[in-house]
Structures are given as structure tokens and as C-alpha cells.
Amino acid sequence: MAKIMIVEDEQAITLLIKYNLEKAGYETVCVNHGGKVISEIEKTSPSLILLDWMLPEISGLELCKIIRNSPEINNIPIIMLTAKGQEEDKIAGLSAGADDYVTKPFSVPELLARIQTNLRRVSNTSSPTPKVYTFNDIVLKPNEKKVYRGEEYIQLAPTEFRILQLLMSKPRQVFSRDDLLKEVWGNSIYVETRTVDVHIRRLRKALNEFGANYIRTIRSTGYSIDDK
Ligand code: CA
């Protein structure tokens with residue numbers, strides 16, 4: 001059974017989440033202090049992290065960035081938990097490397113659905129896919145979960161990796177936002193189409209650091225990888 005790390009400093013919320021996750025059959029690890037998160041991740045290898053935004057000493061946002069920049073642990077899905085419901089905060093969370101975002105107060109069924117969706121995406125990507133995808137100087141190795149641009153290793157969060165893999169599986173084909181939601185997020189009813197745009201921006205930013213932009217926006221249609 002999947003192990004979920006709950007990073008939250010408010011004990012009542014921690015207990016509520018822990019109780020419901022264990023009832024749903026998950027194993028849980030609770031961390032109430034931002035400073036202990038990285039060492040606990042290394043020690044317990046969780047399958048997914050629920051990360052509170054407002055933590056003493058080090059914020060969830062900062063932790064998210066640290067996790068995404070740590071090669072050994074950067075592929076663990078992160079769902080940010082926060083009382084902040086504003087659009088710019090949501091984008092900041094996703095831009096820092098979170099895969100998903102749940103606003104407090106949340107409903108338990110919604111939280112469980114989001115956890116399931118994010119876990120399923122990871123298990124989908126770990127199924128054997130022997131193929132290596134290439135598009136010009138971009139190389140994506142599904143089994144190793146690695147992307148290279150020329151000689152450069154490109155660090156991508158799991159969601160961006162899945163999007164790139166999908167686009168590279170059919171170069172020049174246009175995928176609508178709904179296609180991407182279906183293939184990458186498994187049609188979760190809680191994900192908004194705008195979220196796709198945020199992840200595309202992150203993907204572009206990571207890739208374009210080392211070469212031309214191949215991720216095309218096709219107005220009112222969707223996205224493709226193309227060099228024309
Ligand atoms: Ca808090």
C-alpha cells in the first residue's frame with residue numbers, strides 16, 4: 001500500500017488527514033516541522049507528499065523547490081495544501097514544482113481523489129516502455145525518467161515529464177487541453193484546464209534554457225511539439 005507523507009504543523013488537520021488516509025488503506029508518515037522534511041523523505045521514501053504551504057521556519061513553497069531540485073527525491077508527486085485560494089498563489093505553487101493543489105478547507109473525498117489521481121499517474125509512467133523518444137536535440141528516456149537536450153540533463157517534475165512524453169509520442173500532432181487532462185491527469189474532475197497551461201509554461205522554461213522552443217501553442221486548440 002502506498003505511503004503518504006503528511007507535512008502539516010496544525011495537529012487537528014494532521015490527525016484528520018491521517019485518520020482518513022489510514023481508513024482508505026494508506027500508510028502515513030506525519031511531519032510537523034519544515035526543517036525535518038527532507039531527512040524524513042530520505043528515511044521513509046513516501047509515494048506522495050501532502051505539503052502544507054504555511055509552515056514554521058521553512059515554507060511549503062520553499063520545500064517544494066528544494067525537493068524538485070534534489071535528484072534522488074524529485075520524482076515524488078507533491079500536492080500542496082493551503083488556505084490560500086487565490087489564483088496567483090495556485091500558480092506560484094505549481095510553478096515551484098507541485099503537481100496538484102488542494103485548498104483548505106477541503107473535502108475528504110476530494111483529497112482522496114486527488115491522491116489517487118496523482119499516484120496513478122506515477123504508476124502509469126513506471127510501466128515498461130522500452131522506447132526512447134527523440135525530437136531533434138530532445139531525448140526522453142521513459143524507463144530512466146530522464147530528459148536530455150543535447151548534452152544537458154533537463155530536470156522535470158513528474159507532470160511536465162508526462163506531458164513531454166505524450167507530446168513526443170506523436171510529434172506535430174496537436175493535443176487539446178482535454179486530451180492532456182485525460183492522458184496526464186486521468187480525467188480528474190478536480191483539475192481545471194488552466195492548470196495545463198501552467199505546466200506547459202514550466203515545461204517550456206525548463207527545455208528552452210538549452211535551445212529553441214518546440215512546444216507550440218495552437219490558438220484555441222491545444223499544444224504540440226513541432227519545429228516548423
Ligand atoms: Ca500550517
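These notes walk through a few features of the structure above, one point at a time.

1. **Before you start.** This is a predicted model, in which local features need pLDDT of at least 70 and side-chain atom pairs count only at pLDDT 80 or more, while totals for chains, interfaces and linings use all residues. Residues are numbered from 1 along each chain as its sequence is written, and side-chain values use heavy atoms, with hydrogens and water left out.

2. Start with the open sheet of five strands, which come in the order 2-1-3-4-5 with parallel pairing. Strands here are DSSP runs of E with at least two residues, and helices are runs of H or I with at least four, both numbered from the N terminus. Two strands count as paired if DSSP finds at least two bridges between them. Strand 2 (27-31) and strand 5 (100-103) are at the edges with a single partner strand each, so one side of each has no neighbour in the sheet. On average, neighbouring strands are turned by 20 degrees against each other, direction ignored.

3. **One pair in detail.** Strand 4 (residues 78-82) is joined to strand 5 by four bridges, and the two run parallel. Look for I79, which has D100 of strand 5 opposite.

4. A second open sheet has three strands in the order 10-12-11, with antiparallel pairing. Its edge strands, strand 10 (175-176) and strand 11 (215-218), each pair on one side only. Two bridges link strand 10 with strand 12 (residues 222-225), and S176 has G222 as its bridge partner in strand 12.

5. **The calcium site.** Which residues coordinate the calcium ion? They are D9 (OD), D52 (OD) and M54 (O), at 2.1 to 2.3 Å. Donors are N, O and S atoms within 2.8 Å of the metal (3.2 Å for Na, K and Ca); water is not among the atoms, so sites may look incomplete. Along the chain, the donors follow the spacing D-x42-D-x1-M. D52 counts as buried because its relative accessibility is 2%, whereas M54, at 51%, counts as exposed. Buried means under 20% relative accessible area, exposed over 50%, and partly exposed in between (1.4 Å probe, protein chains only).

6. **Helix 7 against helix 8.** Helix 7 (residues 177-185) packs on helix 8 (residues 193-208) at about 80 degrees, with the axes 9 Å apart. Axes are lines fitted to C-alpha atoms, for helices over the stretch in contact, and angles run from 0 to 180 degrees between N-to-C directions. The two helices are therefore roughly perpendicular (65 to 115 degrees; under 35 is roughly parallel, over 145 roughly antiparallel, the rest oblique). Contact means heavy atoms within 4.5 Å; among the residues making this one are L180 and W185 of helix 7 and V196 and I200 of helix 8.

7. **Helix 6.** Helix 6 (residues 158-169) also packs on helix 8, at about 85 degrees and with the axes 9 Å apart. Here T159, E160, I163 and L164 of helix 6 meet H199, I200, R202, L203 and L207 of helix 8. Helix 6 also lies across strand 10, strand 11 and strand 12, at about 70 degrees to strand 12.

8. Is L61 buried or exposed? At 16% relative accessibility, L61 counts as buried. L61 is part of helix 3 (residues 60-68), and, leaving out residues up to four places away in sequence, L61 touches W53, M80, A92, G93 and A96.
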